[in-house]
Amino acid sequence: MKFDAPIGDTPIDNGRVVGRPHSRVEGPLKVTGRATYAAEWHEDLPAMLYGAIVPATIAKGTVKAVDPQAARQSPGVVEVLTFEDIDIHGTSSGRTVKMVGGPEVQHYHQALGIVIAETFEQARAAAALVHFEYEVGAGSFSLDGGRADAKVCGAYGGPGETRLGDFEAAFEAGEVRFDAEYRTGAHSPAMIEPFASIAQWQGDDLMLWTSNQMIAGTRGSMASMLRLDEERVRIFSPYVGGGFGAKLWANADAILAAIAAKKVGRPVKVVMPRGLIFNNTINRPETIQRLRIAARADGTIEAFGHEGWSGNVKGGNPESTVMASRSVYAGPNRLMADHMAHLDLPEGNAVRAPGDAVGSIAVEIAMDEMAEKLGLDPIEFRVINDSQVDPSKPEKTFTNRHLVRCLRDGAERFGWGDRMAPGTRRDGKWLIGMGVATAYRAALRHASGAAVRLETNGRITVETDMTDIGTGSYTILAQTAGEMLGVSVDRVDVRLGDSRFPVSAGSGGQWGASSSTSGLYVACVNLRRSIAERLSMDAERVEFEGGEVRSGNRVCSLLDAVAGGPVEAEGKFDFAQSDTKAFGTFGAHFVEVGVDAYTGEVRVRRMLAVCSAGRILNPVSARSQVIGAMTWGVGAALSEKLEVDERYGCFLNHDLALYEVPVHADIPHQDVVFLDDLDPHGNPMKAHGVGELGLCGVGGAIANAVYNATGTRLRKVPMMVEDIIPHLPEPV
Amino acid sequence: MKTFTYDRVTSAEEALANGAGASFVAGGTNLLDHMKLQIVTPERLVDINRAGMDAIETTADGGLRIGALVRNSDLAADARVIAGYPVLARAILAGASGQIRNRATTAGNLMQRTRCPYFYDTALACNKRAPGSGCSAQDGHSRTLAVIGTSDLCLCQNPGDMAVALRVLDAVVEVAGPSGKTRTIPIAQFHQLPGDTLPIAEFALDPGELITAVTLPPPPGGAHFYRKVRDRSSYAFALVSVAAVIHGDGTGRIALGGVAPRPWASEAADAAISKGARAIADALFEGARPQEDNAFKIDLATRTIAAVLAEAKEART
């Protein structure tokens, strides 16, 4: 179904199942250990071997000599494969560096080989014995150092620089002008489930159990790297313990498991140890951002400039921070440009809300600073500069932009009116402050297919290669089928993450929920027609409710339709790109922090997100997405930063003790409100995603709250105690 | 993890008889991590978890004798500790997580090793892990590392919380040697400073010696404080921590964590308690040699001491 006109009423609008707060349908499996993750397929695979990745311990250079002898002789070792024995065609789709390096080393902890042994411990011990002699090359590891040579560069095929009007002239002529530079730290996706794969060859066919967000792309990529027909590869990834962008493709664990299993003729399992994840896989690079805003004295923005600098491997993408300003605030004269420096650090790539997550931090602090300069309340300043058209593409009108409502509603709920002047509110030793930020993230769509079957026992089976990366895909798909076919969620069996199933949008970019349910919607429309035909009913006038099919005065049971066997239908959601419509999700974040007046420790006291993202398919799983994202924002603002050792070219804090994500005690209180509006323009579900919206702006709101608490404006995140204490009053 | 032999013993005597060339393992919360990463590669492990030494006894002078294998959770929950040595209970509960404290032991906690990032990456130079390889921290990232008590060979910080409280309580470490000989080591001398010779000795233990208990003198009275400053609210190592016992007359004891290779205290600092945070910090940090990254720790420690003194003052009024 090509979706290019707004949709009218549909069975989804009945809201009997969709939109209701169903807890995760697979939850009992997960909490009882029966949801089998990639590394856990023990019983099905006799004689499995274990592979340990051998990483490079330099960041740039050449391997001059390889000595695998000691590893070969280590107890339990079956095979040692180094890059000299490994043939991979190209690299993984979506990645820039090679999945196995050598002789050229492209980054620290790049895989150079694999040791295969009878036990995990034996493989790991032997991996440490593979000896490489390196010629260390001179690499570039500093964004400050590389900035001067950075080039304008677009991300993922997008534009590098966009302009509207005459930014420079308008900025120069501005009544009130603001110009400042911001920095954000590099982030690791740091998902709970490490990268893990088990490969087994059945003749020339590869079976790969892996932890992955995008099945079809990964299947194609594996086939291409192994020079196989796609039909020879089957991928299975039914449960994923978080991906956050790093599992959009096949990683080193997957390709090395496949190559190792082929070589030894037995199944091979490869789990990437935590210590390798930070440097071997992908990260969100550090950024520098310059914001220039000029406004009239009444707060109307005349010129908006946002330039970003980040580093990446040659051929990689910049962290497109300017995405966070292209489509948000008004201003007829605009300059947005991303610049990329060539660095030899591990590859930067699409970590949760790429571009926007950290771009929004700088934009939202700048808006706060500008509001103060103008003598305006930060919310009023944002409201004044709301725009119902895309400010950078005025020919496009937003289909569903309720930013002002989010801000106003949030202000009311949060008690924004109680906010005091900077540095004036105190609660014992705590300096208290409030901050606000806009949340914006594009509502991306991807084509998505699904199959749905009415079984002879009256149950519904849904099959699609969609993944559930902890987001709730199983549940919202079950709800969608339930609503369309008039049954409760417990009568629907959803099967995901198998490359034999119809190709879906996959999980990423917060497009998964709306796209995959839309694909299933189309399949269900087709199935309803087939069922109606079997029952000799008019497909256009048929209703499905309570396990029954009704048309006029005629009522049948669903079971009547399957007397002759199951009924199955497939369907695919697809769409034409629009020249006149802009699709976005919007929200407002409110944060109250306490800053310890002695130690400078910043502790979040309460958070509120008001989100507008079309229909909310399931308010509890959507809430989980948003509070998880808000928690990411706390990490970005207060603790998460990959530390680059510029001598070695590595991220030094490559474990979860030294790379600090927030813990429960950091998150005392979070509220999420959904406007739960409907956007009939984007897809038949009238829904958009929220999994990245919940992150965008959070760090800015926290920084603004820290300013309100202390009177000190910090233009870098994470904000650490050493950044804050020099500005606090002397306590002694 | 390299291949190793594993023996389980059921008494301290048996442990000592089998301890030659072995690493004793109790909770394993630090050692096993190190073995997996090959930071250490012992050929023999002697598991002492069933070797007794797990009681907390009141001593004749009214103090406590804490068995080496008393779990951190049990120690922090002991009514005598809560009543007489609250600084100890608070310090323990400020460290690690519930799961780790259930497993970690008194002796093992004392033996935990630095959290220097260079110690943790076996590809990078570290004199503590690979004597003579150099100290990558010297010109590298030292934000979390020590500002005093360091040397050109090593900038490691002691990451512990419990030991900082034991320092202000004047705890004594009881050890037994392979020959059965026992001796005691004041907590102030248990953790060694890196100095100028390799290899770097971290603990005042001779080869084959085993910690059997930690004893505390009678409760010191006063108000007890343990204030830990860290980058997140829980489950993080101290940037700076302050353990203090402050008496009604304004005298007391104070020790710092996170700033040195050992819990950091001095008589001069204790004598300066009534003069305020600046005077205490000046005494504690005399001769400090901070790096660019971690110089803030001195200011932070001063401010944290001020916070504790303010709290103590509030408690008195």
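Analyst: The model is predicted. In it A:H89 is exposed, because 10 other C-beta atoms lie within 10 Å. A:H89 sits in the loop between β4 and β5 (104-105) of chain A. Apart from its neighbours within four places in sequence, A:H89 has contacts with A:S224, A:M225 and A:R227. From A:H89 to A:S392 the separation is 303 residues in sequence and 40 Å in space, C-alpha to C-alpha.

The loop of A:H89 leads back to β4(A), and β4(A) belongs to an open sheet of 7 strands. The strand order is β4-β6-β2-β14-β11-β12-β13 in chain A, with mixed pairing. At the edges are β4 (77-82) and β13 (233-236) of chain A, each of which pairs on one side only. Direction ignored, neighbouring strands of this sheet are turned by 20 degrees against each other on average.

The partner of β4(A) is strand β6 (residues 111-117) of chain A; the two run antiparallel and are joined by 5 bridges. Within this pair, A:E79 stands opposite A:I116 of β6(A).

Two helices that pack on the sheet come next. Helix α3 (residues 120-127) of chain A touches β2 (49-55), β4 and β6 of chain A, and its direction makes about 25 degrees with that of β2(A). Helix α7 (residues 252-264) of chain A touches β2, β4, β6, β11 (196-202), β12 (205-210) and β14 (268-271) of chain A. The direction of α7(A) makes about 30 degrees with that of β11(A).

Helix α10 (residues 356-374) and helix α17 (residues 698-710) of chain A pack at an angle of about 35 degrees, their axes 7 Å apart. The crossing of α10(A) and α17(A) is right-handed. On the α10(A) side the contact is made by A:S360, A:I361, A:V363, A:E364, A:I365 and A:D368; α17(A) brings A:G699, A:G700, A:A701, A:A703, A:N704 and A:Y707. By class, the residues of this contact are 6 nonpolar, 4 polar and 2 charged.

Finally, the contact between the chains takes 33 residues from chain A and 31 residues from chain B. On the chain B side, α13(B) gives the most, with 8 residues.

Notes
Residues are numbered from 1 along each chain as its sequence is written. Chains are lettered from A and ligands numbered from 1 in the order in which they are written. This is a predicted model: local features need pLDDT of at least 70, side-chain atom pairs count only at pLDDT 80 or more; totals for chains, interfaces and linings use all residues. Two residues are in contact if their C-beta atoms, placed from the backbone, lie within 7 Å. Helices (H or I, at least four residues) and strands (E, at least two) are DSSP runs, numbered from the N terminus. Two strands pair if DSSP finds at least two bridges between them. Axes are lines fitted to C-alpha atoms, for helices over the stretch in contact, and angles run from 0 to 180 degrees between N-to-C directions. A crossing is left-handed if the near helix is turned anticlockwise from the far one by less than a right angle, and right-handed if clockwise. Ala, Val, Leu, Ile, Met, Phe, Trp, Tyr, Cys and Pro count as nonpolar, Asp, Glu, Lys and Arg as charged, and the others, Gly among them, as polar. A residue is buried if 20 or more other C-beta atoms lie within 10 Å of its own, exposed if 12 or fewer, and partly exposed in between; C-beta atoms are placed from the backbone.
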